[in-house]
Amino acid sequence: MLGYLASLLATPAVAEPPLTIPALAGDRLGGLVLPVEPRDGPIQLNSLRAWTWTVDNTKRLLLSGDVEIFIADFSFEGELAVVWIDRIASDDGPINQIVIFLPEVTSRTSLAGTGPQGRNLLITGSSRGKVGLNTAVFNPTRPMGQDAILDLAQFRLSAYVSDLMRSKPIMQPVPELVDPTPAKQWAPTLGGSLKEASLAADTLPQATGSNDSGWLKSPQGIVAFSADELDFQTEEDENILLADGSVVVSYRPTGVADTTGALRLAAERAVVFLEPGTVRDTAQSQLSVDQIRGVYLEGNVIAEADRDDYMVRAPRMYYDFKTDQAIMVNAVMRTYDRKSNTPVYARASELRQISSNRWKGTDVNVSASAFFKPTLAIGSRSVTIDRVPGGLNEEGAIVESSILVDAKDNTLRSGDLPFFYWPRYRGGVQDIPLRGVRTGFGDYEGVMVETTWDVYTLLGITRPEGIDMTIDVDGYSKRGGGGGFDMAIDQLGHKASLDLYGMYDSGQQVTDTGLVQDVPKEFRWATLWENTMQLDPAWLIQTQAAWFSDSTFVTSWRPDEYRNRREYETSAYLNWQGDNDSLSLLAKYNLNDFLSNSWLTASLGYQTEKLPEAIYQRYGDSYFGDRLSHSWDLRASRIRASIPSGTEESNGLRAGTYLDEFGRPLPSWALIEDAEQFKYMRRSWINRVSTRQELSYPIKLEGLNVTPFGMGQVIGYFEEETTNPDDTDQLRFYGSGGVKLDTQFQRVYNDVENEFFGLHRMRHLMEPYAVVWYGAANYEPEDYPNYDPAVDGLNTGGAVRVGMTNTLQTHRGGPGRWHAVNWLTVDTNVVFSTSDRTERYPYTQFFDWQPAYSQLGNFFNSSVEWQVSDALAFLGNGTVDFDLGGFSRASIGMEINHTPRFSTFVEYRFVEAGESKILSLGANYEISDTYVIAVLPQYDFNQDKFQSVRADVTRAFPDFDLSIFVDYDSIRGETRFGASLGEVNF
């Protein structure tokens, strides 16, 4: 046999042009050179039965029964294998290339680490040595009736070759497992086809009796048995075999196309019901399937199946070989959902297996927990559990097998306690309808219960790929009830989200500023929409919408979003992006006449509508041999200011948020639109065009970088910009320019060695820098509306900034693992400005990248980062304002990683403008894989009390994470405590 196979491999494969190699067809290896290093050793193929045929210069084989394939020192085993072999020439002699497709892989005899386990593996390898075939039954022809498995194998090889041609493969040192996902199941059948496999793998199909008919009736199936005691009884119409003590019954189909797999039954006692007739085979402890009517087992019965990875335990079972059904009483079934890679446990008072892929049960609890009383489970009156085979979808992609549950009269249960009912559930076992639960108590909400539910699971419909929908059902003892709908889309080139929420509200509320108010409306709502579509690599479209029932909904119900979220807006944005230019169109209109962002209230105090705005921008055009860089933009805008309506109190703001014409706090009863900053602001639409030109000319001198730069902007208004009769100029000019200088020095100290600070050698980098800048305009920027900070937020005056960055670098890690670390980084700089500078805000800061946006003044700034060790780090920064005569803001902090599971930090922050002095501390301690404790207190030295305290204890369960929390906020004057159920992973 060795000589026969070697003679078929004598002719080397002929290479084809790289774009049309014959291997793309999947039925041969012509033109393909596998990216696998050849091993020194033979290729040996062993099986009970083998079919061989030739396609061009490729030897094709189908192996069946106890298949063993050795590629040098690597082995692969299974019951069925499709093989391609060809030979290519090399400078070191001929190389045998082999590709193997194994529908199911085992590793009964392989040494640890040398044999894989899984399903539908494509294995590629090569070797220098002989090729041998050892088989009991040899058929030198293409097999009949095996088109389904051969088509699937050829499809896998074709896809693999196509992927190789589209990428730059990396040479593998050992045989490669291509896409070795262990759950890609597909059951080939005699006379089957690729099209039928594709249709069978459609979205969440149910396993049917027809697909599994005869799952215990394999005509070549063998049942073997063993026990401590055997007693054979003959009767006229039936023979009975009694087995007692350590009973093992093994069912094994032996047909080539039979994919049911082995079934092992173990019990204390068993009764085997046989057809009347000969008793000859019982002496050999094995029977053919057609001789058996049924098997009854009792006493700690265990049933295990190889192919479907399931196990059932029960006190009594009966397998009926004539009706292809099994009945288990008080059974516990364990199987796996390969999509989620989680175990599935079903406990039932009665469980019937009606096919190899389907079970039906009554009074069933389904969970992902092995405990007798699961933490979280689905309890149902009746359940059908289907194992959906893997296969090919309509696009030809191989899909995972999965577990599908169809249950009626369902309750969610925590232990024995049912807490939610719904009539029908159909879906994957991982798709339990409950997504999360949060409960607790708040001073202004009372007892809170907030729940999130999966829409698809509740409706019993299939979840589309990339689309998620949930509903919220909430209740508050002091406020009422609420509900919402959320949708998220995440597909190729398309992301979107919809947030709808409404509630009947009552009682009192507290805003983020601490104001206690009567609830303004009976029914309140929030509507949010965001959508991003990448039409192609150049075109992008984004839309968003924000609409709230009243001005305090966000500040009272969503305080974290009020503090941190980007601007709520309703807009449509279209952008084209070229290599170094872009064109965009924006339409922005406010559905609300109030602000719902704290940072926007504290800065501009209003929003800007743009209907529309068109912008063309061009970046980094180079001239004079890449020495001069030019960037510019052109904008055309139709804009107006959207000033909040109502008073500070009605908007949930404290008095003094806005100022009157004398610079005093605006009374809480006064209209916001009467504030001084809106005195001359137009409420009507304004049309304007603007352009900006930026130039830079980098010069590299000996050890010194010098970069002169300049910027000019022109704004033309078609109407007067403000209602101030003294402001009649409709053309605004702005210009600025300066020069940047920087250099670098370094020195290396090879003799530095300090174990305590983790120092091994040291390099000192010194990087001095300076900026000189001046800006001027034909108007005073702070006296005019700031519609768009990118255009209107420019400042005038002059400034000089001088500073130096010092960096001390060292090596850590030890021999063979050395890596560079910035041990200490100190940046210090000082800024001096002219007296004609623009002063918009109380905080000074300087931006090197565009000084025109800086908040100028006379100040000193410093920042420090000290990585004392891998576990200890210090951070600090501060600004000393010379005009104020002291610190305007500063912070200093420390972080310690005591162990990989325990870390703490401390930080002190000071802001002069708000007289804020806050000390923050935090600790996170993973006590074990089960418990995590986190504490975050903040102390206010001005108020001499804790500003806030947050503490969480998280307990990890098999199905979810449970967090118990206490949250105190002195600004809101509110204390909350309760528990929340994290994302339920059922």
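Reply:

N858 is found in the loop between β44 (819-833) and β45 (859-866); strands here are DSSP runs of E with at least two residues, numbered from the N terminus. The model is predicted, so local features need pLDDT of at least 70 and side-chain atom pairs count only at pLDDT 80 or more, while totals for chains, interfaces and linings use all residues. Residues are numbered from 1 along each chain as its sequence is written, and side-chain values use heavy atoms, with hydrogens and water left out.

With a relative accessible area of 13%, N858 is buried (buried means under 20%, exposed over 50%, partly exposed in between, with a 1.4 Å probe and protein chains only). Its side chain reaches the backbone nitrogen of S833 at 2.9 Å. The side chain of N858 also makes a polar contact with the side chain of D883, at 3.3 Å. A polar contact is a pair of N or O atoms within 3.5 Å; within protein, one must be able to donate a hydrogen and the other to accept it, and residues adjacent in sequence count only if both atoms are side-chain atoms.

Next, the charged pairs. A salt bridge is a side-chain nitrogen of Lys or Arg within 4 Å of a carboxyl oxygen of Asp or Glu. By this rule the count comes to 44 salt bridges.

One of them joins R812 and D870, at 3.5 Å from N to O. R812 lies in strand β43 (residues 797-812) and D870 in the loop between β45 and β46 (872-881), so this pair links parts of the chain 58 residues apart. R812 is buried at 5% relative accessible area, whereas D870 is exposed at 59%.

E275 takes part in two of the pairs described here. R293 forms a salt bridge with E275, the closest N and O atoms being 3.2 Å apart. R293 is in strand β14 (residues 292-305) and E275 in the loop between β12 (263-274) and β13 (286-288), 18 residues apart. E275 also forms a salt bridge with K322, again with closest N and O atoms 3.2 Å apart. K322 lies in the loop between β15 (310-320) and β16 (325-337), so its pair with E275 ties together parts that are 47 residues apart in sequence. R293 is partly exposed at 25%, E275 at 28% and K322 at 37%.

Finally, K610, E613, D633, R635 and D788 are linked in a network of salt bridges.

Conventions:
Helices (H or I, at least four residues) and strands (E, at least two) are DSSP runs, numbered from the N terminus.
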